[in-house]
Amino acid sequence: MSDLTAFNTVPTAVGAKPSPRGAAVAGHPLVQLTLVRFREFLREPEAMFWVFVFPILLAAGLGVAFRNRPPDVLKIAAVTPEMTRSLHQEKLLDVQELSPAAAEDALRTGKVALLVQPGPNGTAEYRYDDTNPEGRAARLLADRAVQQAAGRVDPVASTDSLMREPGSRYIDFLIPGLLGMNLMGSAIWGLGFAIVDARRKKLMKRLIATPMPRHYYLLSFVLSRLLLLVIEVGALLGFGALVFQVPLRGSLLVLATLCILGSLAFSALGLLIASRVQTIEAASGLMNLVMLPMWIVSGVFFSAQRFPDVIQPVIKALPLTAAIDALRANMLQGAGFAQIGSELGILAAWLVVSFTLALSLFRWR
Amino acid sequence: MIDRDSRDTGRVAESVSPVALRLRNLRKAYKDVVAVDAIDLEVRAGECFGLLGPNGAGKTTTMEICEGLTAADSGDVALLGMHWNSDAAELRQRLGIQLQETQLAEKLTVLETVALFRSFFRHGPETSEVIAQVQLGEKRNSRVGGLSGGQKQRLALACALVGDPDFLFLDEPTTGLDPQARRQLWDLIEQFKAAGRTILLTTHYMDEAERLCDRVAIMDHGRIIALGTPRELIASIGVEHVVEFSAGHAAQQPDVSAMRQMEGVRDVRTENGNILLHVTQLHQAVPSLLRELNRQGVPLTELRTHSATLEDVFVTLTGRHLRDE
């Protein structure tokens, strides 16, 4: 035993130097580990595409496809110049003056929705298909124009107040949905793949053979995720606000809290998924198994209310549903902490349960 | 915790190096395989000690138990006078470890990788110093993914050196490398030896063990079957040279029993159609062999001789080759 304790008197190997104190911050293991996460992410073009570019492309594509069009103008035909002139007063009608034969032909082939022709004794005759809504609408508009041109005065004066405000369009519904989906995807993919890859390559085993505090390794994922979150959320919301004037009616503090809590909850879920998996293929399958149902039922692209009432409680308890519902309430209705309390609670519960389970299941090798 | 400064001031001159690593009755079994079977071992400070054996002999398991990565079923590990169950944090600071299958992050540069590992240790040289030491200075800003096998292995070595370790574990440091890269790595390891570091390395290359190791333990099936300096081990089989010859496809195979009686021949064995003579006196055995073959009328198609190696020690002890498995 004496020679074992005497080992502490062995000369130090040549070249040992205490590290300079100034380099303490840059040389802190947590800073280094977080930098590694950043570098690996930034040097992976595919990851950059899926996290930053893809949600914006999706928002742009869907925003254009489902944009609100100006009200349709109905095409009708008239056979006399006087009638054509009086019908022109109605802005929602596009009137063509045609010969009776040509007008008849246009009506039959559906090129016009309505044909206005003079009837016996100065009356007006409307010819249209009453099973076609366009025909019925054109009939009402044309009749109003004809009557007003002939001098009718409405007994009740009316004005139109048009409702085309931002906030109730499809793109307004979509952007919070895409944001929620992005929070989930980047956290689960980002953490899951990186952890399984490091385990598969035995890099994790090599790291735990150093004095690295193990919680720093996990913490570096959280830190890099939160920093990237600023860019991710900023890019998507900025795009929505600039291109589609998607409103941000709630407080930004609530929005930021929501994004951070959501990202943490999904990160914990990613950690849980990756806690034991040894291969990228298995991890990939498991992640899709977890995320795919939420993409469908959690209301990313259409309201989760469309699913039967029986399963609504289950849908409501999913983290993506909670995140998206709260994001919509905050962005579109200006909801504060009080109104989205239950959603925040659901996210916090997912965070705590997933993280606790992940820590007890986690394998370093 | 013992810090480096107090150790240095308490230094006394020692004529005999203290024991840096002591294993007592170490056992480890996986399901139905006994990987390590009651191993006792001592590695002295400043020594380069080799664990030599075929794949599956238990070298890596033994090493990982010493490194605190695998728990032994029973037995005791004393490393630098400390134990894993009570001094893990301090031990981690003082060990340099290179694992067999680690793939470092491909997207990072050499410098970034070394800086990451350096950040985990309290004391140690500058990153640039370590990079220069393993001759990767010109590659410092290259991505790890673009390095050759030898360069990757030297980077792994750099990561093991960043904490200025008192004890260096190298698990098959040259496996899979081309001869030139192996020699380059050997030169580096010899520099660490010269700097007085204690090294435990595993290998299944006998030439590597002979060149680098002060002492060698030959392992097979979880046990140490021979222990000593390479020279002692080779001497222990009582053979200095091996003569290998082949009679080609001659109809008449030589009569081996007559050769056993020749002067200076210790053993005769056949292997893949070749005949191997273990001899002590090469200058006597070869002429006798030629005379004997001539007498028997057997044509000689091939004749080779080499000095006995650790490989011959292993073959003598187990009847198998190191690389068979």
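In what order do the strands of the open six-stranded sheet of chain B run? This is a predicted model, in which local features need pLDDT of at least 70 and side-chain atom pairs count only at pLDDT 80 or more, while totals for chains, interfaces and linings use all residues. Residues are numbered from 1 along each chain as its sequence is written, and chains are lettered from A in the order in which they are written.

**View 1. The open sheet of chain B.** The order is β5-β6-β7-β3-β8-β9, with mixed pairing (strands are DSSP runs of E, at least two residues, and helices runs of H or I, at least four, numbered from the N terminus; two strands pair if DSSP finds at least two bridges between them). At the edges, β5 (95–98) and β9 (223–228) of chain B each pair on one side only.

**View 2. Strands β3 and β8 of chain B.** The parallel strands β3 (residues 48–52) and β8 (residues 215–220) of chain B are joined by four bridges. Ile218(B) in β8(B) is the bridge partner of Leu52(B).

**View 3. Leu80(B) in a loop.** Leu80(B) sits between β4 (74–79) and α3 (84–94) of chain B. Phi of Leu80(B) is positive, near 50 degrees. Leu80(B) is buried, with 24 other C-beta atoms within 10 Å (buried: 20 or more such atoms, placed from the backbone; exposed: 12 or fewer; partly exposed: in between).

**View 4. Asp164(B) in a loop.** Asp164(B) lies between α6 (149–161) and β6 (167–171) of chain B. Phi of Asp164(B) is near 50 degrees, a positive value. Asp164(B) is buried, with 22 C-beta neighbours inside 10 Å.
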